[in-house]
Amino acid sequence: MNRITIFSLSLILLARFSVAATPDKPNVLLIFADDIGYEGLGAYGGLDFKTPHLNQMAKEGLRFQRMYTSSICTPSRVSLHTGTYTFRHKHTDILPVHRGTKQKVDFRKMPTFGQQIQKNGYMTAVTGKWQLATLEHWPNHIRDAGFDSWCIWQIWRNGKKTGRHWNPAFNRDGKVMEGLEKRFGPDVLADYVIEKMTEATKVKKPFFIVHNELLPHWPLVQTPQDRLLNREATMGNMIEYMDTLVGRILKSVNELGIKDNTYVFFMGDNGLQVSYRNSSLYENPRYGQPGENKHTRHTLKGNVDGAKADLNDAGSHVPFIVWGPKSIPAGGVNQELVDVVDLFETFCELTATKHRVETDGRSIVNQIHGKEGPTRRWVHQGLPQGESIFDGEWRYLIKSEKLIDARKLPKERELKGSELVESKDIIDRMKSLYNRIKSNGPAAPESVPRY
């Protein structure tokens with residue numbers, strides 16, 4: 001084989017494996033924050049926390065006003081990756097990785113969007129919290145899920161629990177990182193995201209990154225800003241620092257010159273975890289006792305009662321902002337119902353990834369660009385204590401058969417007595433809706449039932 005032939009083959013291989021992000025195959029970055037309800041952001045009318053960078057992200061991008069997930073981490077994350085409701089993937093409780101379990105979410109049996117997008121020539125990476133397997137027992141679990149590279153908190157190491165904030169134990173591509181004794185974990189993860197974006201841009205390859213931001217999940221810890229200012233750790237300070245890191249990542253996207261071809265999503269995995277809440281409607285002693293403070297958070301539209309792990313709006317209603325190309329209507333607000341399961345189809349369509357996986361979602365790519373798209377008439381949540389169907393006005397709790405009037409959110413009211421009897425038609429409609437959803441099986445996006 002002569003030198004000219006070798007050179008020609010090299011060019012062919014380079015063209016095949018080093019394809020830059022294009023309008024047909026743009027970059028995608030999902031910032032998936034841990035425990036942040038919609039009311040945590042000023043852009044959503046929240047009054048309790050400082051989020052200037054996220055507010056600016058919403059001002060420059062599109063804010064989806066009604067995004068819903070299951071209200072604890074494992075069911076929310078499995079639904080995200082597989083595009084299926086909890087009654088299909090069967091993960092309704094927290095996978096006890098904090099206890100070193102050998103259980104795992106088997107992504108070899110449940111296809112993920114990461115697997116599909118990876119096959120389409122994307123560089124795939126993931127960070128942060130991986131509440132889906134214990135890496136000490138399943139070291140290849142992240143690779144099986146469709147990610148080339150990772151920087152993940154390894155919760156167990158040598159039989160002992162580790163930390164995620166100061167002096168974090170991060171597994172990077174199979175090895176625990178050294179030299180992090182004085183580092184703040186969320187800073188390390190932001191560095192990694194920026195590094196992977198830079199690396200992909202240099203080799204002209206589109207990237208798909210899921211950045212599982214560790215903040216503002218409990219425990220309360222001092223951030224670098226807190227230490228600098230000699231102030232105590234608070235939930236507000238952790239949210240503010242999370243916001244700062246989002247701003248840093250967005251700034252890097254601009255500096256790399258890839259904003260016009262990079263979709264950045266910001267989303268919470270479930271509602272805020274708070275030490276006090278009004279649990280009169282949805283008491284759940286598994287995740288903390290009801291407190292004496294009636295109003296947990298405050299927004300321009302009223303007080304938000306409830307929290308993470310509740311089958312209510314406060315537990316499942318999360319922020320969802322899309323930022324990037326000029327085709328996204330700046331400052332736009334979308335009022336449609338969106339479910340976390342919709343992201344599988346959305347990410348695949350954005351990245352021009354064809355697949356044969358059946359999901360419960362539908363793509364919202366049209367809506368991201370300010371156009372009309374397939375509508376969703378309900379969202380679904382699943383927890384150990386039961387399931388919830390919400391149609392935008394009424395919430396029906398399947399197991400307990402409670403009907404909640406959610407027409408004046410953030411206020412929710414359980415119907416009782418004669419009111420409940422008089423609402424039998426609504427209950428029958430919600431039951432019928434649930435039964436049809438469950439019996440139909442996963443539906444391809446073009447055949448999602450419209451009820």
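## Strand 4 and its partners

Strand 4 and strand 7 (residues 170-172) run antiparallel and are joined by 3 bridges; strands are DSSP E runs of at least two residues, helices are H or I runs of at least four, and both are numbered from the N terminus. Two strands pair if DSSP finds at least two bridges between them. In strand 7, Phe-170 stands opposite Trp-153. Strand 4 also pairs with strand 3 (residues 123-128), here in the parallel sense and over 4 bridges. Gly-128 has Ile-152 of strand 4 as its bridge partner.

The model is a predicted one, in which local features need pLDDT of at least 70 and side-chain atom pairs count only at pLDDT 80 or more, while totals for chains, interfaces and linings use all residues. Residues are numbered from 1 along each chain as its sequence is written, and side-chain values use heavy atoms, with hydrogens and water left out.

## Burial of strand 4

Buried stands for under 20% relative accessible area, exposed for over 50%, and partly exposed for values in between (1.4 Å probe, protein chains only). Both faces of the strand are covered: one side carries Ser-149, Cys-151 and Trp-153, the other Trp-150 and Ile-152, and all are buried.

## Salt bridges

The structure holds 25 salt bridges, each defined as a side-chain nitrogen of Lys or Arg within 4 Å of a carboxyl oxygen of Asp or Glu. One of them joins the side chains of Asp-35 and Lys-308 at 3.1 Å, N to O. Asp-35 lies in the loop between strand 1 (27-33) and helix 2 (52-60), and Lys-308 in the loop between strand 12 (302-304) and helix 10 (313-316), so this pair ties together parts that are 273 residues apart in sequence. Asp-35 and Lys-308 are both buried.

Glu-195 belongs to helix 7 (residues 185-202) and Arg-172 to strand 7, and the pair links distant parts of the chain, 23 residues apart. Glu-195 is partly exposed, with a relative accessible area of 36%, and Arg-172 is also partly exposed, at 23%.

Asp-391 and Arg-429 meet through their side chains in a further salt bridge (3.0 Å, N to O). Asp-391 is in the loop between strand 16 (386-390) and strand 17 (394-397), and Arg-429 is in helix 14 (residues 424-440), so parts that are 38 residues apart in sequence are tied together. Asp-391 counts as buried at 18% relative accessibility, whereas Arg-429 counts as partly exposed at 39%. A network of salt bridges links Asp-34, Arg-77, Lys-129 and Asp-269.

## The second largest pocket

The second largest pocket has a volume of about 390 Å³. A pocket is an open set of points on a 1 Å grid over the protein atoms alone, where a 1.4 Å probe fits, with protein on both sides within 12 Å along at least five of seven lines; lining residues have an atom within 4 Å of a point. Grid points are joined across faces, edges and corners, and the volume is the space filled by probe spheres set on the points.

This pocket is lined by 19 residues, of which Tyr-38, Gln-65, Lys-301, His-317 and Leu-409 are the closest to its centre. Strand 2 (62-68) and strand 18 (402-408) each supply at least two lining residues, and strand 2 gives the largest share, 3 residues. By class, the lining has 7 nonpolar, 6 polar and 6 charged residues, where Ala, Val, Leu, Ile, Met, Phe, Trp, Tyr, Cys and Pro count as nonpolar, Asp, Glu, Lys and Arg as charged, and the others, Gly among them, as polar.
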